[in-house]
Amino acid sequence: MPQHVPAQVEGEAEGSAGPAPAPGQQAGAVPAKAPRRVPGALRPRTLLSRLPLLLAAVLWTVSLPHIGFRSMGEYGLLDRLPVTYYLSLLVLTAGFLAALRRAGTAPWWPALYCGALLMALKGVPAVLYDSERYPWASKHDAVIDHLLADGELRPGEGLSGNMSAYDQWPGFFTLNGGLVRAFGTDGATSYLNWAPVVLGLLMMPVLVLLYRTFTEDRRLVWSAVWIFQLANWVGQDYLAPQGLAFLLHLAVLTVVVRHFVRPGSAGRLRSRAYLDPAAAAVPPPTGTRQRAVGVMVLAPVLVAVNAVHQLTPVMLCVTLLALCLTRRYRNLGLLAVAGLIMLAWDLTMGRPLFTETLGTLRDSLGDLTRNSRAGYAGELTGAGPELAGRANILMVLGLAALAGTALLLRRRLVHSALPLLLASLAPVPLFVVNDYGGEMLFRVYLFALPGAAFFAAAALVPAAGGTDALRAPPAVRRICAVALPVALVALLAGFMPSYYGKERMNYTPPAETALVTRAIDSAPEGSLILATTGSFPKALHRYDQLEHWFFAEQELPENVEMLRDPAGYLVARLPAGATAYVILTRTQDIYSAGEGLLPPGGFTRLTTDLVASPLFDVVERTEYGVVLRHDSP
Amino acid sequence: MRHVRIRSTPDQEGSPVSQNRQPFPTRQTWTRTALALSGWAALAATALPGGAPLRWIPVLLFVCLGPGLALLYPRPAPLRPGARLEAAALAAPLGLSLAVLTATALFLAESFSGTAFLVVLAVLTTLAAVLPGLPLPAATRGAAERPRASPGERR
């Protein structure tokens, strides 16, 4: 069994385990002058743990009715959140830092604070919004509706806009189909805003387990979890296959690093004399037969990852390949099984999109500039989106700087946690392969995040135990005592614009949803739905019966040309005999302006021109948008 | 016959002797029974009106945690450090994987329904609750610390 020696934690002796014996005094002996306490009275340190949580909960709850999400301006939610909300986050941070000092003996408190942070950061839309947050979530809701209506999977149907891909990797949607039916709700609408909170809660123990495999310092574990949450602004935890697939990916990675250590490979990584005082010894090794059984245990999870998402199995395979670079985790059998399962899925269920992607690889391979860009084509425009964009870059740089500091200063910890570093770096080469619809940058960041958060925390939480030679010098510990709270507040300050700076694109008023639903419900089967972008609520409602053309999702010069004569541009490109509905809504306006798809004022000009054009008839017009119809001869 | 007493670790549950010599102590039996019945309780909850909290909460808890916990419980003794955290952390990924595969298989077989989804998961959970916990490699017998590698083997 590996040695289980929790690192000495500051203040640990005064935790729930009771006072530490004085030097020279035997453990368990009664101290000479034990302080008298009233039974049941709270100790100051216990109060310091509990009070901030309570205060933050009160401040957060009080702030809710004052959050003006319906009247968001160019800064999204940022200037609609009251001071009490921001105070609640600061109080939570202070409470977490206090709880961290006793993390070794009272681990529930940092855990509670991490759960509270998750709820405080991502629970606001879940509690307040009266509609689906984020148009892409509503797209996934449409896929669930489609599956439930059909009752079968049609991976080869060839629906417009590659929508059949959702039947080719259907696991997330079939699961939600099961939940919708078992909950007895009309669709996923009633619960989809809670996805970030639920996925975050399910992910937290997996992260803790992963981090505890590499460190015994609970302060480091919880700091890493906290940093992970603050750095997880990338928005991949909404109701989408990626969120679930990432959870499964992390679980596989965690099982591998805990259970797939090859015999005779640990060497000095089990020697306390060599290890960083915070590091955990390498888990016990396992024989070939045991690891073969382990592969069988993991097989359902590996198949599920493939059933859920097309990109995550690739990330998983490159991660397992990177782990094979270490002698500790050279499990070629597991890599082969993971690769074969992926190939089997891609060549059967996922064959149409897989072959299409292979066909385009020749163009995308090696095009680093294009593959690593964010979004479709445009530049972020407007105060809120620009601030969000700058905050994103600063967050990435800040996290990289912190993790880089740990790589330089805590080399022994890096040596023992090398698999985590490799797992974080493994997805980066995927920039060479494909742009994943302008999303590759965000996905690589997401998959690198668990390791990056761990090493960033390692830079901020110095080793407290161990021998004098290995322990961090007092000066470093003093610097870190200041740097940790400063870094956590800075990351918090970066999270808010990164996550909520573009929130006006994500909140869609129910009246807009109703307008779109009415328009699409009235469209005859086979009609063509036109919109500037697919980023509006219910964009893909009835997608299996309609065709779609999101005509502004292209390079800006093309759109400038389109704006010269929008009606002529669109009509010239419509197939003969088509019935087309143009749906232009408020959320499209905000999205196309914020993402720079259209020049300033472009959306208004487009709307005015189309409404005035004799080629289009206005079907319905409200303050949330306009629906037009054109019948091609 | 010599009575071998296995030393407990801080993470171990209950009496080490009872865990190793009696396969079904009372607490374990109760836990296994609760896990075995959890799916059927979730199925019974679907008789309530759609969207009612007393319906969706047990269903959500069961789908997320029931099958995974049933698969992982009980962990083989003596427990490794973090074994209970491991069961708690991996329950959801394992359980959700099973749920994904179940729902997808039902769709492929064109026999999907909410009841079929829950019944299959409940049957799997009941079976898993009766069987021993999944043999994760390093948690099984023989995965104890090996003698330290010789200097020539170090890296």
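Trainee: Let's start with the overall make-up. How many helices and strands does chain A have?
Mentor: Chain A comes to 24 helices and five strands. It is a predicted model, by the way.

Trainee: And what share of chain A is buried?
Mentor: Of the 633 residues in chain A, 52% are buried. As for contacts in chain A with a separation of 6 or more, 78% of them are between residues 24 or more positions apart.

Trainee: Okay, the sheet. In what order do the strands of chain A sit?
Mentor: The order is 2-1-3-5-4, in an open sheet of five strands with mixed pairing. Strand 2 and strand 4 (617-622) of chain A are at the edges with a single partner strand each, so one side of each has no neighbour in the sheet. From one strand to the next, the twist averages 20°.

Trainee: Which way do strand 3 and strand 5 of chain A run, parallel or antiparallel?
Mentor: Antiparallel: strand 3 (residues 579-585) and strand 5 (residues 625-631) of chain A are joined by seven bridges. Ile583(A) has Val627(A) as its bridge partner in strand 5 of chain A.

Trainee: What about the other flank, how many bridges pair strand 4 with strand 5 of chain A?
Mentor: Five, again in the antiparallel sense. The two strands are joined by a hairpin through two residues.

Trainee: How many residues of strand 5 of chain A are buried?
Mentor: Five of its seven, so I'd call strand 5 of chain A mostly covered, given the cut-off of 20 or more other C-beta atoms within 10 Å.

Trainee: Which helix lies across strand 1, strand 3 and strand 5 of chain A?
Mentor: That's helix 23 (residues 586-594) of chain A, running at about 70° to strand 3 of chain A.

Trainee: Switching to helix packing. At what angle do helix 7 and helix 8 of chain A pack?
Mentor: About 140°, with the axes of helix 7 and helix 8 (residues 218-231) of chain A 9 Å apart. Helix 7 and helix 8 of chain A are therefore oblique to each other.

Trainee: Is that crossing left-handed or right-handed?
Mentor: Right-handed, for helix 7 of chain A passing helix 8 of chain A. On the helix 7 side, the contact includes Gly200(A), Met204(A) and Leu207(A). On the helix 8 side, Val221(A), Ala224(A) and Phe228(A) are among them. By class, that contact of helix 7 with helix 8 of chain A has eight nonpolar, two polar and one charged residues.

Trainee: Now the interface. How many residues of chain A are in contact with chain B?
Mentor: 57 residues of chain A are in contact with 52 residues of chain B. Helix 6 (171-183), helix 7 (195-212), helix 9 (241-259) and helix 10 (288-308) of chain A each supply at least two residues of the side that touches chain B.

Trainee: Which of those gives the most?
Mentor: Helix 10 of chain A, with 11 residues. By class, the side of chain A that touches chain B has 33 nonpolar, 16 polar and eight charged residues.

Trainee: Why flag that, or a positive phi?
Mentor: Because most peptide bonds are trans, and most residues other than glycine have a negative phi.

Trainee: Where does Lys538(A) lie, and what is its phi?
Mentor: Lys538(A) is in the loop between strand 1 (528-531) and strand 2 (547-550) of chain A, and its phi is near 60°. Lys538(A) counts as buried because 26 other C-beta atoms are within 10 Å.

Trainee: And Glu110(B), buried or exposed?
Mentor: Glu110(B) is exposed, because it has 10 C-beta neighbours inside 10 Å. Glu110(B) also has a positive phi, about 55°, although it is not a glycine. You'll find Glu110(B) in the loop between helix 4 and helix 5 (114-130) of chain B.

Note on methods
Residues are numbered from 1 along each chain as its sequence is written. Chains are lettered from A and ligands numbered from 1 in the order in which they are written. This is a predicted model: local features need pLDDT of at least 70, side-chain atom pairs count only at pLDDT 80 or more; totals for chains, interfaces and linings use all residues. Two residues are in contact if their C-beta atoms, placed from the backbone, lie within 7 Å. Helices (H or I, at least four residues) and strands (E, at least two) are DSSP runs, numbered from the N terminus. Ala, Val, Leu, Ile, Met, Phe, Trp, Tyr, Cys and Pro count as nonpolar, Asp, Glu, Lys and Arg as charged, and the others, Gly among them, as polar. Axes are lines fitted to C-alpha atoms, for helices over the stretch in contact, and angles run from 0 to 180 degrees between N-to-C directions. Angles under 35 degrees count as roughly parallel, over 145 as roughly antiparallel, 65 to 115 as roughly perpendicular and the rest as oblique. A crossing is left-handed if the near helix is turned anticlockwise from the far one by less than a right angle, and right-handed if clockwise. A residue is buried if 20 or more other C-beta atoms lie within 10 Å of its own, exposed if 12 or fewer, and partly exposed in between; C-beta atoms are placed from the backbone. Two strands pair if DSSP finds at least two bridges between them.
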